Amino acid sequence: MATVEVPYQETVPLHHPKTWLGKYVFSQDHKVIAIQYGVTAMAVGLVALFLSELMRIQLAFPGAMPWFTADMYYQSITMHGMIMVIYLLTAFLLGAFGNFCIPLMCGARDMAFPFVNMLSYWVYLISVILLLLSYVVPGGPTGAGWTLYPPQTITAGTPGDDWGIAMMLISLAVFIAAFTMGGLNYITTILQARTRGMTLMRMPLTVWGIFIATFLGLIAFPALFVSAVMMLLDKFLGTSFFMPAIVSLGKSLDYSGGQPLLFQHLFWFFGHPEVYIVALPAFGVISDLISVHARKNIFGYRMMVWAIVAIGILSLVVWAHHMYVAGMHPYFGFFFATTTLIIAVPTALKVYNWLLTLWRANIRLTVPMLWALAFVLTFIVGGITGLFLGNVIIDIPLSDTYFVVAHFHMVMGVSPIFAIFGGIYHWYPKLSGRMLNDKIGLLHFYITFIGTYLIYFPMHYLGFIGTPRRYYETGVTEVTGFYPQSAHDLNVFITCVALFVGVSQLLFVYNLIVSLKKGKKAGDNPWGANSLEWRTPDTPPGHGNWGERLPTVHRWAYDFGVSHGDQDHIPQDVPKQKSN
Amino acid sequence: MSETLDKENILTGTARDWSSDMTTFKGVPWGKAMMWIFLLSDTFIFTCFLTGYMVVRSTTTEPWPVPSEVFALSVGGVAVPLLLIAIMTFVLITSSGTMAMAVNAGYRRNKKLVFWLMAATALLGATFVGMQVFEWSKLILEEGIRPWGYTDDSHLLGNAPQFGAIFFMVTGFHGLHVSIGVAYLLIVATKVLRGKYDHTNLEIVEITGLYWHFVDLVWVFIFAFFYLW
Amino acid sequence: MATEGQQHPIKIYILIWLLLFVVSFFSYMVDYLEFEGMLRWTLIIIFMFLKAGYIVAVFMHMQWERFALIFGILLPPLALVVLILLMAVEADYANATRVQYMGADPTAVPKSPHH
């Protein structure tokens, strides 16, 4: 193999679908699967967005929607969180970007196992349908919060403690199966199906981010799978893994001797890597966007790669910083606070490198670039509040307040969404052959960017004055009279902005659809980028991506700001000249 | 492959492979790379299960049943501890051996031998599952062990209810792996015999073998932690 | 794919096969001879890892793989070691709090089926 200088994919025939169904529905082409993943994730994301607006209205104008009960509020919280974290962010960043970028950027014809890849999407779709079906089962979806902590998750009094939680857990297990099928593909393709000259250290950072994130997913999702299985057994077979002896609604249940903290540990052993499963691909995408649109090579490429690897490793040993107030072993706080603060080092390194890439660069404020800059800023803001919450002493008064809500929405909610938007604006021309409309894009960007800060910045203050999260009602009613009027006014303000920003996301959907037909023709390489996906013979790339021969890579993807004929960049497949 | 590419220095060799183009695992077919990574993921599943076992067993304050008594099999009126488990272990190890032989035969392109060895492996695997069914039914019917605790007339009543729960869950999940493995073996064996893999180096046999040996590997840990501890 | 595959003399497979039986027999004897306490646990762990090592190294051909693959597969489970160690500490702590604050009896004797 090593001595035979032919990539394996050049030697095997590609699967060619004959029917329309095989080409566009049950397609094994990674680009079609990417679109399927993306559209599904966006659709389900819009559902989650709608749920968050319902919750905001309830918080600002209690009683405005009499039909919106406390149970529905908790169900909305749970579904919003779970959909956003798993079914939108994970699925979009790995399923859509991963599928689209990996083969194109590595110079492969397709994923290593196209059939398994197709299966991965359809199983993912099943998991989404199962999740949404929980709205029609008796009792509705679970209202346990996205962390699903037992015992309350499966005891009476929590909405959807019967059917709802079953649907949720089964849907998660199915999602894990789908992710595993996709993830094995991504890893195998990156490791074993690169083209000539494409070493790991020449891969664009997008691929690096997706690579490490997928790897994390493959070793972190098992913990979620195991806890889901154990909770299902607790609920439906009466085992006591997580359930201690407990009195519920005056009745003593049959459980005894279980350990609720075990669930939390398993959940966060998955849950913290999950944060980086979402963040690392975003880091990668942003690194590429910044470099391309600032016309300058990425600062410290190798350090960026090692930072991604280091974050990936460290993310596996920080999980219990989500559990400082859970009642775990008292010494654990020290250990996990230390590891948590250490992880700030590689993360900060990445931020510095982005800033140093921008330093004296020829910055073009294109729409993708704006999203990238917004990402860096938002990630810094969210990351800094993470330092507060990573310290046990500061976390204890702040835990379960709106400060936490503001923190994680900034750092792992909005930031990856910015990366997704930026990535879509960047790669849409390659995907469709047409540019997205810049005017609508700018409008969408400024509304979303400014809106983000108007929504989440005040939440920090709400947190400081102790506003608890996950409360159905914090308004100035007689029952909850502890809540100052000024804070409530802030809540109203947040809600108004959130509604406006939420609705204006339709601009983006409109842009996506309209530009498909009416967008400006993009050409092969509208941004003047170097990585291989811009060097395909056709735009959009045809089945098999490349012609007879796979491209040969001679350099890294970041040769910008150099003179190369009449261009300022040298694509990866241009041979090095003898003089250098 | 390792014969043709010499195994290099532990550090420089690793670094060279990881920094080379095209493939990182030199000479490793895609399917095999995928299977290894899948097994890594599966390792995390089983370890999380076993960690859960460790936690519930050390957390509970109720006493844990003594395995050598619970799992004893009486032969002619004498209770022999762990007899059935010893036989099950014997069967599974035997099947691992036949599988290893099948892989060997595969690379010598002896398809008939591959088929029979894989079929033997599958048969031994099915035997294992059968004995597991016997073991379970004995525990459920005779000892009165249930996933949620014990029956009211069980001699074990008063022990930790997690015993049955974790035992049935983990051995059940392992048994599921064995059952899937049996089906997988039979499918691959038939396809090999029919010549579906003739254009390849029959590495599919090794890939199937990796999965099967992994199932055996998990049993080593289950044997130690559930039956001996 | 033009690969030679993992081809090795049958002798070594048979040797490992036999060793697996022997080590299994040893670990069975640990129980049969009713070794208790530290000795029992140490022996169980040693035999367990010995068997696991044989299977991975020879039957799964790990010892003939290149280091790139060996490291890629064997290093990530180190994360599990962290999980196991911390969970062991955590479980002991939970047990201690139950004994201390909830009046549980740490010396309870297991109920046995046969006497």
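In this predicted model, the contact between chains C and B brings together 56 residues of chain C and 68 residues of chain B. On the chain C side, four helices, namely α1 (10-32), α2 (37-59), α3 (67-74) and α4 (78-101), each supply at least two of the residues that touch chain B. Sorted by class, this side of chain C comprises 38 nonpolar residues, together with nine polar and nine charged ones.

The domain assignment of chain C divides it into domain 1, covering 8-64, and domain 2, covering 69-103. Taken over C-alpha atoms, the centres of domain 1 of chain C and domain 2 of chain C are separated by 24 Å.

Turning to chain A, one may begin with Ala337(A), which belongs to helix α10, spanning residues 332-358 of that chain. Ala337(A) counts as buried because 20 other C-beta atoms lie within 10 Å, and the cut-off for a buried residue is 20 or more. Once its neighbours within four places in sequence are set aside, the contacts of Ala337(A) are His321(A), Gly390(A), Asn391(A) and Val392(A). Of these, Asn391(A) lies 54 residues away from Ala337(A) along the chain, yet the C-alpha atoms of the two are separated by 5.6 Å.

Elsewhere in chain A, strand β3 (residues 560-564) and strand β4 (residues 567-569) run antiparallel and are joined by two bridges. Phe560(A) has His569(A) as its bridge partner in β4(A). The two strands, β3(A) and β4(A), form a hairpin with two residues between them, and in the turn Gly565(A) has a positive phi of about 65 degrees.

How values were computed:
Residues numbered from 1 in each chain as written. Chains lettered and ligands numbered in written order. Predicted model: local features only at pLDDT ≥ 70, side-chain atom pairs only at ≥ 80, totals over all residues. Buried ≥ 20, exposed ≤ 12 C-beta atoms within 10 Å, placed from the backbone. Contact = placed C-beta atoms within 7 Å. Nonpolar A, V, L, I, M, F, W, Y, C, P; charged D, E, K, R; others polar. Domains from an automatic or database assignment. Pairing = 2+ DSSP bridges.
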